[in-house]
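Please look over the structure shown here. The questions that follow concern how its parts meet.

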There are 2 protein chains.
Amino acid sequence: MMRLHGYWRSTASYRVRIALNLKGVADEHVSHDLRLAAQRDPDYLALQPQGLVPMLESSEGTMIQSPAILEWVEETFPDPPLLPEGRGDRAMVRAMAAIIGCDVHPLNNLRVLNSLRHDCGMDQAAVNAWIARWIVAGFGALEPLIQQHGGAFAFGDSPTMADVYIVPQVYSAERFGVGLSPFPRLIAAAAAARALPAFAAADPAAQPDADPS
Amino acid sequence: MMRLHGYWRSTASYRVRIALNLKGVADEHVSHDLRLAAQRDPDYLALQPQGLVPMLESSEGTMIQSPAILEWVEETFPDPPLLPEGRGDRAMVRAMAAIIGCDVHPLNNLRVLNSLRHDCGMDQAAVNAWIARWIVAGFGALEPLIQQHGGAFAFGDSPTMADVYIVPQVYSAERFGVGLSPFPRLIAAAAAARALPAFAAADPAAQPDADPS
């Protein structure tokens, strides 16, 4: 049994969907509508007191925090590997992932944006500028790394954890209208990844809980 | 050769100092004064184009992003282990680390606080409230996990990656005067860790570049 609690537009949930698809692991999806704060329902809080998605329920227990879930997925289903063999290469792929996972995404998730709106009085234009600022900084850091280490994908010629993190962030950048022309290598790598069925099936628009309105 | 580029008060550098000390790995420290934007000097940018600390130079290359560096340290110097054996337990320790590394620290680092001051016009009181908000949320998520999984330390009876992340965040919470009484288990675990020589030697105040003023 593998049950992924997520939300179609949560980019951290999107990462886990991609990884499970790449590993060929079947999982049941449970949607929690973040716009309605469904992740704060008592039933869900009993399972995940932090009230965040994603959470993965498996026979080995309940797992939270997408970086931890993704390392667990890699250790539990080693084939195909999403981290390269050499330790230095693994560190580079994990660094690429962390640029998204630590330097970009945490600044742009819904609870932070809500705090900027409500506590700092930011209007939507200011919020969008905030979002763009951190995406541009992160993608600007990734672009030379992809130039140096990338092949068909962000690192080498097969998809890695780097792509698992980058593709959802590109989706988010598109959603918020961030200009991506300064990052041609990143965009090419993301396009190559999105063309794979595992990534396409994980796309927010392809989820049963997607709401295009 | 192992050379750690950091800054005494950078909590991400502090994490790496702790881990190297726990592994008994000797390293040379190079300080970049973040208050003077020394991490944006051309000489450093040539090594680390993102202009962030920490960076670890080793014979296997140059590594960036503390979560990636820490996984590299764990893979390269497996003894003593900073992750437990079981996959589910490893996922829990990594989740505890990610609560700090993704949900707290990225919102409170210097470049984000500068952005809140300059772009959003926050005064120091508002900045302090922002800092406290995310620390309290993250520690509030950790407290029941430590209650469930902790022993002498945050997870079990030996120090793990969880302590490597939590102790620097507690240092930061103290620095910004965040009230920690709602988190007795977390505080006890952090105190136990700080009593170890490896943690004490990594403390910001013990660094040669420390500036108590």
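Q: How many residues does the contact take from chain B?
A: The model is a predicted one, and the total for an interface uses all residues. Chain A contributes 38 residues to the contact. From chain B the contact takes 38 residues.

Q: What area do chain B and chain A bury between them?
A: The size of an interface is often given as the accessible area lost when the parts come together. Of the area buried here, 62% is on carbon and sulfur atoms. B:Glu75, B:Arg87 and B:Arg111 supply 17% of what chain B buries against chain A, more than any other three residues. Between them, the two chains bury about 3,500 Å².

Q: Which element gives the largest share of the side of chain B that touches chain A?
A: Across the interface of chain B and chain A there are 16 residue pairs in polar contact. Elements that give two or more residues to the side of chain B that touches chain A are β4 (61-64), α3 (66-76), α4 (87-104), α5 (110-118) and α6 (124-149) of chain B. The largest share, 11 residues, comes from α4(B).

Q: How many nonpolar residues has the side of chain B that touches chain A?
A: Sorted by class, this side of chain B has 10 charged and 6 polar residues. Its nonpolar residues number 22.

Q: Is A:Glu71, which meets B:Arg94 in a salt bridge, buried or exposed?
A: The side chains of A:Glu71 and B:Arg94 meet at 3.9 Å, N to O. A:Glu71 lies in helix α3 (residues 66-76) of chain A and B:Arg94 in helix α4 of chain B, so the pair joins two chains. B:Arg94, at 8% relative accessibility, counts as buried. The relative accessibility of A:Glu71 is 10%, and buried means under 20%, so A:Glu71 counts as buried.

Q: Which residue of chain A meets B:Arg90 in a salt bridge?
A: This pair crosses between chains, from helix α4 of chain B to helix α3 of chain A. At 2.9 Å, N to O, the side chain of B:Arg90 meets that of A:Glu75.

Q: How many residues apart are A:Arg3 and A:Glu28?
A: The side chains of A:Arg3 and A:Glu28 meet in a salt bridge (3.4 Å, N to O). A:Arg3 is in strand β1 (residues 2-6) and A:Glu28 in strand β2 (residues 28-31) of chain A. The pair links distant parts of the chain, 25 residues apart.

Methods:
Residues numbered from 1 in each chain as written. Chains lettered and ligands numbered in written order. Predicted model: local features only at pLDDT ≥ 70, side-chain atom pairs only at ≥ 80, totals over all residues. Heavy atoms only, no water. Contact = heavy atoms within 4.5 Å. Buried area = accessible area lost by both parts, 1.4 Å probe. Polar contact = N/O pair within 3.5 Å; in protein donor to acceptor, adjacent residues only side chain to side chain. Helix = DSSP H or I, 4+ residues; strand = E, 2+ residues; numbered from the N terminus. Nonpolar A, V, L, I, M, F, W, Y, C, P; charged D, E, K, R; others polar. Salt bridge = Lys/Arg side-chain N within 4 Å of Asp/Glu carboxyl O. Buried < 20%, exposed > 50% of the residue type's maximum accessible area, 1.4 Å probe, protein only.
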